[in-house]
Amino acid sequence: MHKVYSSQDVTLVHFARSVLEVNKIDSVILREQLSGAVGGLAPLDTWPELWVHDAAELEQARQLIASAMKKSDTLQTPWICTGCGEKIEPQFTQCWQCETEWESRD
Ligand SMILES: [Zn+2]
């Protein structure tokens, strides 16, 4: 068993697990009950954890989760154009004012 992901927010751990499920990677969530018992914000040592069985899948699993987290962030957060400083709505990948591409977007 190998730990792939851990978060204070159990819904993020479930989200990470669903990402792995879609990609046919088996995983389990540990310490979910512990953090649930505390309620709200859990202390660091009771954060729920996501584990995979197979070491061969560990690296792929980490990348899948990282890219899914990034995507869900970028879909909701406006970005600031590096060319002119304009605030751009998240659905655009290019500045409407100076046409600078947003480099951090995939
Ligand atoms: Zn701009």
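Predicted model: local features only at pLDDT ≥ 70, side-chain atom pairs only at ≥ 80, totals over all residues.

The protein chain has three helices and five strands, and along the sequence they come in the order β-α-β-α-β-α-β-β.

**The chain as a whole**
- There are 106 residues in the protein chain, and buried ones make up 15% of them.
- Take the contacts in the protein chain with a separation of 6 or more: 44% of them are between residues 24 or more positions apart.

**Helix H1**
- H1 covers residues 10-22, which is 13 residues. At 1.5 Å a residue it should span 18 Å, and its end C-alpha atoms are 19 Å apart, so the two figures agree.
- Val13, Ala16, Arg17, Val19 and Leu20 are the buried residues of H1.
- Look down the axis of H1 and those buried residues fall within an arc of 155 degrees, so they line one face of the helix.
- Turned away from that buried side is a face with the exposed residues Thr11, Ser18, Glu21 and Val22.
- Just after H1 comes Lys24, with a positive phi of about 60 degrees.

**Gln63 in helix H3**
- Gln63 sits in H3, the helix of residues 58-74.
- Is Gln63 buried or exposed? Gln63 counts as exposed, because it has 10 C-beta neighbours inside 10 Å, and the cut-off for exposed is 12 or fewer.
- Gln63 and Val4 are 59 residues apart along the chain, with 9.6 Å between their C-alpha atoms.

Definitions and conventions. Residues numbered from 1 in each chain as written. Helix = DSSP H or I, 4+ residues; strand = E, 2+ residues; numbered from the N terminus. Expected span 1.5 Å × (residues − 1). Buried ≥ 20, exposed ≤ 12 C-beta atoms within 10 Å, placed from the backbone. Arc of directions from axis to C-beta. Contact = placed C-beta atoms within 7 Å.
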